Structures are given as structure tokens and as C-alpha cells.
Amino acid sequence: KASDVWCMARERDLLAVPYFHLVFTLPHELNGWVKLHPDVLYHGLFKSVWDVLNRFGHDPKRLNGELGMTAVLHTWGQKLDQHVHLHCLIPAGAWSEAEHQWHKARSNYLFPVRALSRCFRGRMISYLRMAHQQGELVRISTVKEVDERLRELMIKDWVVYTKACHGRPEKVLEYLARYTHRIALNESRLVDVSENTVRFRWKDYRDGQHKIMKLDGVEFLRRFMQHVLPKGFMRIRHYGFLSNKQKQHRLSLIKAVLDEQVSEQENVQDEGVSGKEVLETCVCWYCSKCSSTHVQIVKVLRPLKERPK
């Protein structure tokens with residue numbers, strides 16, 4: 001119910017453009033620090049991700065404009081283990097305030113994943129080093145431990161996932177809403193509870209199979225409670241032209257520009273321009289297989305009731 005309410009409130013922010021789903025994951029080597037200073041690590045994750053994406057968006061060689069982003073923090077995996085990652089939903093383009101123009105993205109991954117990963121790694125490690133120097137990581141005992149851990153993380157590849165979301169913007173919003181008000185374990189996954197143990201279903205993404213995990217009651221509670229966020233921490237945040245400070249003014253300008261582009265496309269079609277030229281001017285969805293931008297949605301098929309075998 002809370003997800004539905006949130007989804008309805010966000011519908012007015014939708015743009016008639018494709019969207020991208022990005023996921024930034026903290027290495028498991030930082031899980032110990034997350035337990036000691038969750039507020040510092042979580043805040044650093046939000047800040048580092050937006051600093052990197054904002055830098056890429058303003059790059060004149062890329063989009064040369066301001067991005068909009070909605071980010072949702074997740075801290076768990078299927079087995080209730082600690083798996084800290086940030087889900088980001090970003091419209092496929094950037095707003096240029098100087099030109100009053102919308103610069104649309106022309107790829108199926110928004111920005112190069114390897115470049116995002118390296119910049120995210122450097123920005124997050126720089127943030128952690130500065131936080132320690134300013135005394136924000138007081139529960140970490142020695143400077144040597146900090147230096148050694150950050151040195152190890154600098155030679156490790158960090159995981160960044162990016163994918164184009166296909167379909168109408170309303171469907172994309174419904175997809176994100178599933179991540180906004182979830183807890184670490186839904187009741188539907190519980191199998192049974194005894195005096196000493198708890199059994200629940202989990203999905204093994206290596207083989208795609210659903211399995212049953214049995215935990216001692218104390219261990220189950222430990223895993224569940226480590227995902228309780230610090231008091232007052234906001235796990236859903238908006239950035240760029242979707243931030244609360246700017247979206248009321250910026251969104252109206254962006255929607256007006258996009259409406260003008262749609263009107264121009266309709267005029268082009270009315271004037272009898274060839275199909276190939278119309279395709280080149282229309283806003284298209286990206287093909288996840290061949291990366292082509294010359295794709296039009298002609299029909300949406302109803303999802304299958306059962307998974308094909």
C-alpha cells in the first residue's frame with residue numbers, strides 16, 4: 001500500500017523519455033565498517049554516486065547537462081546477508097539550463113560501466129579517508145587498519161550495473177516502487193517458524209532456483225536487525241532536476257521542450273516524410289540485444305502466467 005501511494009505521488013514527475021536503471025554496490029570488505037558506522041557509510045554511498053554521475057552528466061563530451069536521479073538504498077541480499085547497494089533510476093538525458101534544451105542519451109547504457117566503476121571507487125575511497133581524518137570513524141581502532149583496507153580496495157574492481165528500462169514511463173515507475181518500501185524479508189517468503197528455528201525461501205541467482213534456508217532463531221534475528229537503518233535516515237533521495245528544490249520549476253520547462261519535440265515529429269509525419277527519416281527523429285527505446293536506437297514499440301504483450309520451461 002505504501003508503495004502504491006508513493007508511486008501515485010511520483011507520477012507527475014515522469015518524463016516521456018526512456019529511463020536507465022543503475023546499481024552501485026559497496027564491496028563486502030566494507031561490511032565491518034558499515035556495522036560500526038552505518039550512517040557515515042550510507043551517506044557516503046549516496047554522495048559518491050551522485051558526485052560521479054553529476055560529473056559525467058556535465059561532461060561536454062557526454063550529455064553536457066544536469067541529470068535527474070531517484071536513488072533507493074538497499075542493504076540486504078536474498079539470504080538476509082549484508083549486501084549494501086544503491087538503486088538509481090535516471091531519465092535518459094540531461095537538461096541544459098544555458099540552452100534551455102534537452103540533451104537525450106544515445107546509448108543503451110547511459111555511461112561506460114568501467115569508467116563509472118573506477119570513478120565511483122576513487123570517490124568513495126576519498127570520502128572514507130577524509131571521514132577518518134575528520135574523526136567520523138571513531139570506532140575503527142588504528143590508522144594502519146584504515147590505510148591497509150583502503151589500499152586493498154583501490155586494486156579491486158567495484159561492481160556497477162546499468163540497464164535500459166524498456167516500456168512506458170508508468171511501468172518504469174512501478175518497477176522502482178517495488179524497491180522503495182520493502183523490508184529485508186517479506187512475509188510471503190516465510191515457510192515456518194518453530195521455537196528455535198526459522199525457514200524462509202530465497203532465490204539463488206546463480207542457477208535461478210528458489211531454495212529453502214533454515215536458520216537458528218538468534219541468527220535469523222541478527223541478520224534481520226542489521227538492516228534497520230539509523231534513526232531519521234532517508235533511504236529514498238532525489239537529485240538534480242528531480243530534487244525537491246528544483247523539480248517544480250525545472251520539470252515544467254523540460255516537459256514543455258519535450259512536448260515541442262513531439263509536435264515537430266507529428267508535423268514531420270503529416271508532411272509525408274519517408275519512414276526512415278521519421279524513425280531517425282522519433283524518440284525510440286533501445287534494443288537490449290543489438291544496441292540499436294531504431295526501435296519502435298508496436299504492441300505490449302500480456303505477461304505469461306507461468307515461466308517457460
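Guide: A pocket is an open set of grid points with protein on both sides within 12 Å along at least five of seven lines, and a lining residue has an atom within 4 Å of a point. Keep in mind that this model is predicted.

Visitor: How much space lies in the largest pocket?

Guide: About 870 Å³.

Visitor: Which residues lie nearest the centre of the largest pocket?

Guide: Gly-77, Gln-78, His-83, His-85 and Tyr-205 do, out of 27 lining residues. Strand 1, strand 2, strand 3 and strand 8 (197-204) each give two or more residues to the lining.

Visitor: How many nonpolar, polar and charged residues has that lining?

Guide: The lining of the largest pocket has 10 nonpolar residues, nine polar ones and eight charged ones.

Visitor: Let me step back to the whole protein. How many helices and strands are there?

Guide: Nine helices and 10 strands. The protein has 309 residues, and 44% of them are buried. Now look at contacts with a separation of 6 or more. Residues 24 or more positions apart account for 70% of those.

Visitor: On to the core. Which residues of the largest nonpolar core touch the most other members?

Guide: Leu-26, Leu-53 and Phe-120, in a core of 48 residues. Several elements supply at least two residues each, among them strand 1 (19-25), helix 2 (31-36), helix 4 (113-133) and strand 6 (160-165). Helix 3 gives the most, with 10 residues. There is also a second, separate core of 23 residues, which includes Leu-14, Val-17, Trp-102 and Val-257.

Visitor: Leaving aside neighbours within four places in sequence, what is Leu-26 in contact with?

Guide: Val-34, Leu-41, Leu-45, Val-84, Phe-120, Met-124 and Trp-158.

Visitor: Take Phe-46 next. Buried or exposed?

Guide: Phe-46 sits in helix 3. Its relative accessible area is 0%, so Phe-46 is buried. Beyond four places in sequence, the contacts of Phe-46 include Ala-71, Leu-73, Leu-86 and Phe-233. Arg-235 and Arg-237 are also among them. Compare sequence and space too: Phe-46 and Met-124 are 78 residues apart in sequence, and their C-alpha atoms are 9.6 Å apart.

Visitor: And Asp-204, a charged residue: what is its relative accessibility?

Guide: Asp-204 is in strand 8. The value is 4%, which means Asp-204 counts as buried, as the cut-off is under 20%. A polar atom of the Asp-204 side chain lies 3.1 Å from the backbone nitrogen of Arg-206.

Visitor: What of a loop residue? Where is the place of Val-159?

Guide: In the loop between helix 5 and strand 6. Setting aside neighbours within four places in sequence, Val-159 is in contact with Val-23, Phe-24 and Thr-25. Val-113 is 46 residues away along the chain, and 8.9 Å separates its C-alpha from that of Val-159.

Visitor: How do I read backbone phi?

Guide: Most residues other than glycine have a negative phi. Leu-80 has a positive phi of about 65°, although it is not a glycine. His-100, also not a glycine, has a positive phi of about 55°.

Visitor: Where is Leu-80 found, and where is the place of His-100?

Guide: Leu-80 is in the loop between strand 2 and strand 3. His-100 is in the loop between strand 4 (93-96) and strand 5 (101-104). Accessibility is the next check. Leu-80 is buried, because its relative accessible area is 0%. His-100 is partly exposed, because its relative accessible area is 38%.

Methods. Residues numbered from 1 in each chain as written. Predicted model: local features only at pLDDT ≥ 70, side-chain atom pairs only at ≥ 80, totals over all residues. Heavy atoms only, no water. Core = buried A, V, L, I, M, F, W, Y, C linked by side-chain atoms within 4.5 Å. Buried < 20%, exposed > 50% of the residue type's maximum accessible area, 1.4 Å probe, protein only. Helix = DSSP H or I, 4+ residues; strand = E, 2+ residues; numbered from the N terminus. Contact = heavy atoms within 4.5 Å. 1 Å grid on protein atoms, 1.4 Å probe; cavity = no way out; pocket = protein on both sides within 12 Å on 5 of 7 lines; lining within 4 Å. Points joined across faces, edges and corners; volume = space filled by probe spheres on them. Nonpolar A, V, L, I, M, F, W, Y, C, P; charged D, E, K, R; others polar. Polar contact = N/O pair within 3.5 Å; in protein donor to acceptor, adjacent residues only side chain to side chain.
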